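Please take a look at the structure below. We will go through its surface, its pockets and its charged pairs.

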Amino acid sequence: ELAKAGAVDFGDLIWLPWRLATEIPEVGQELRLRWRYVLVDEFQDTNPLQWQILLAWLAAYDAAEAAKPRVFIVGDPKQSIYRFRRADPRVFDAAAAFLQSAYGARRLANDATRRNAPRLVEVVNRVFADLPLFPHFRPHSSVEANLSGRVELLPLCAQERDEGGAPPLSRLRDPLAAPQAVAEDGRRREEAALLASRIAEIVGRWPVID
């Protein structure tokens, strides 16, 4: 239906450029002639297929024996939140290792923040210190050592128990004719409502330090 309408979805916006970069050599050659510097920001939101697009682009330089471009990637694996489109913080580590090996890139870390108060940074350190997904994590610090802050933990909503048990034989469905009914888990909606309610209580009541 999308093809008939001349439209693409979000998956196509990644898959089609990958096909162009990997199946049509002229695309890589055109990019090689046009660009000498490559900067990718928010790299923690990159998924494996997007990384393959960038690799195919860089391979065009090697095939032409041309001078390699200067490549910069910027990101924070802790902020990788686009899992719904397969973003994976491990791609950041794979890209960093590749650029260090193939391009002699330097990895520059920034562990100090000017944005957050020490209390919040302390929570971040506790959360990420022992996660296997972040073996390279280093404790962070706040530049604003005297900045006041507050961390508040809202309760998680409990999942409702199904007291009905197994359905009686008379209620068994025909799997070829009737889809399986999936009970909706409303905990995320309830927790979002709690968060929105708490924010509404704060806005206009708490002072903000300039």
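L16 is found in helix α2, residues 10–23. Helices here are DSSP runs of H or I with at least four residues, strands are E runs with at least two, and both are numbered from the N terminus. This is a predicted model, so local features need pLDDT of at least 70 and side-chain atom pairs count only at pLDDT 80 or more, while totals for chains, interfaces and linings use all residues. Residues are numbered from 1 along each chain as its sequence is written, and side-chain values use heavy atoms, with hydrogens and water left out.

Buried means under 20% relative accessible area, exposed means over 50%, and partly exposed lies in between (1.4 Å probe, protein chains only). L16 belongs to a nonpolar patch on the surface, together with V8, F10, L13 and W15. The patch has about 530 Å² of accessible area in all. Patches take residues with over 30% relative accessible area and no salt bridge; nonpolar side chains (Val, Leu, Ile, Met, Phe, Trp, Tyr) are joined within 5 Å, like charges within 9 Å. The areas come from the Shrake-Rupley method with a 1.4 Å probe, and for residues only the protein chains shown count as cover.

Stay in helix α2. E23 and R19 both lie there, 4 residues apart, about one turn of the helix. Their side chains meet in a salt bridge (3.4 Å, N to O). A salt bridge is a side-chain nitrogen of Lys or Arg within 4 Å of a carboxyl oxygen of Asp or Glu. Side chains of opposite charge can pair when their charged atoms come close. E23 is partly exposed, with a relative accessible area of 45%. R19 also counts as partly exposed, at 34%. By this rule the count comes to 11 salt bridges.

Now turn to the pockets. Rolling a probe the size of a water molecule over the atoms shows where empty space is left. On a 1 Å grid over the protein atoms alone, a pocket is an open set of points with protein on both sides within 12 Å along at least five of seven lines, and lining residues have an atom within 4 Å of a point. The largest pocket has a volume of about 1600 Å³. Of its 42 lining residues, the closest to the centre are G75, D76, L108, A109 and N110. β2, α5, β3 and α6 each supply at least two residues of the lining.

Two of those central residues deserve a look. D76 is partly exposed, at 21%, and its side chain meets K78 in a salt bridge (2.9 Å, N to O). N110 sits in the loop between α5 and β3. N110 counts as exposed because its relative accessibility is 60%.

The second largest pocket has a volume of about 490 Å³. Of the 15 residues that line this pocket, the closest to its centre are S148, G149, R150, W206 and P207. R150 counts as exposed, at 54%. E152 forms a salt bridge with R150, the closest N and O atoms being 3.2 Å apart.

Finish at I209, in the segment after α7. I209 and S148 are 61 residues apart in sequence and 8.9 Å apart in space, C-alpha to C-alpha.

Technical notes: 1 Å grid on protein atoms, 1.4 Å probe; cavity = no way out; pocket = protein on both sides within 12 Å on 5 of 7 lines; lining within 4 Å. Points joined across faces, edges and corners; volume = space filled by probe spheres on them.
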